[in-house]
Amino acid sequence: MKKISLIAAVLFCSTITAFAQRYCVIDTKYILDNVPDYKEAQTKLDAVAEQWQKEIDAKFLEVDKMYKSYQAEQVMLTEELKHKREDEIVAKEKEAKDLQKKRFGYEGDLFKKREELVKPIQDKVYNAVQKLAASRMYDFVLDKSGGITVIFSDPKLDKSDDILRSLGIKKGTTGE
């Protein structure tokens, strides 16, 4: 009976060990914040977005001026001129909205610019994560910066600094 219990215990422990999975935790926001190329790309993106926003604001300001001018002169205009001016205002407003959509809309110019500037950096980080996972035989790599909620993680499981080191970036401890 003792032999059977011992064999059952050994089999149970080996089964648990076989199903044990190795994992680590990283913080991609922390990693990206410490990658100089990412900061530079983000600064460029912000500058481009600001420039485009000023361009769009100028168009809407022009529409606003046209509308105020129209309101002031409306009583002196013929019906034909009123319709013509209203059509001009509507066309100008549509032009401004179209530009806004082109620049900032779904898959607009800002999206494309972000893909151009940021995606290569994100790909480098992703490749570094994959290398770390493969070299240390992790089954899972959890990201505590976004989608999943990590209530607690042992700091020794956080491998964000290892990712930074593999990217050639020297950094101290996480949580600066």
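Biologist: At what angle do the axes of helix α5 and helix α6 cross?

Modeller: This is a predicted model. In it, the axes of α5 (residues 109–117) and α6 (residues 119–135) cross at roughly 45 degrees and come within 4 Å. The two helices are therefore oblique to each other.

Biologist: Which residues make that contact?

Modeller: From α5, R114, E115, E116 and L117 take part, and from α6, K119, P120 and I121.

Biologist: Changing topic, where is V25 found?

Modeller: V25 is part of strand β1, which covers residues 23–26.

Biologist: Is V25 buried or exposed?

Modeller: V25 has a relative accessible area of 2%. The cut-off for buried is under 20%, so V25 counts as buried.

Biologist: How far apart are V25 and L142 in space?

Modeller: Their C-alpha atoms are 4.7 Å apart, although 117 residues separate V25 and L142 in sequence.

Biologist: Now D27. Where does it lie?

Modeller: D27 is in the loop between β1 and α2, the latter being residues 28–33.

Biologist: Which side chain of opposite charge is nearest to D27?

Modeller: That is K144, 4.9 Å away. A salt bridge requires a distance within 4 Å, so D27, although buried, has no salt bridge.

Biologist: What is D27 in contact with, leaving aside neighbours within four places in sequence?

Modeller: D27 is in contact with D143, K144, S145, D158 and S160.

Note on methods. Residues are numbered from 1 along each chain as its sequence is written. This is a predicted model: local features need pLDDT of at least 70, side-chain atom pairs count only at pLDDT 80 or more; totals for chains, interfaces and linings use all residues. Side-chain values use heavy atoms; hydrogens and water are left out. Axes are lines fitted to C-alpha atoms, for helices over the stretch in contact, and angles run from 0 to 180 degrees between N-to-C directions. Angles under 35 degrees count as roughly parallel, over 145 as roughly antiparallel, 65 to 115 as roughly perpendicular and the rest as oblique. Contact means heavy atoms within 4.5 Å. Buried means under 20% relative accessible area, exposed over 50%, partly exposed in between (1.4 Å probe, protein chains only). Lys and Arg count as positive and Asp and Glu as negative; His and the chain ends are not counted.
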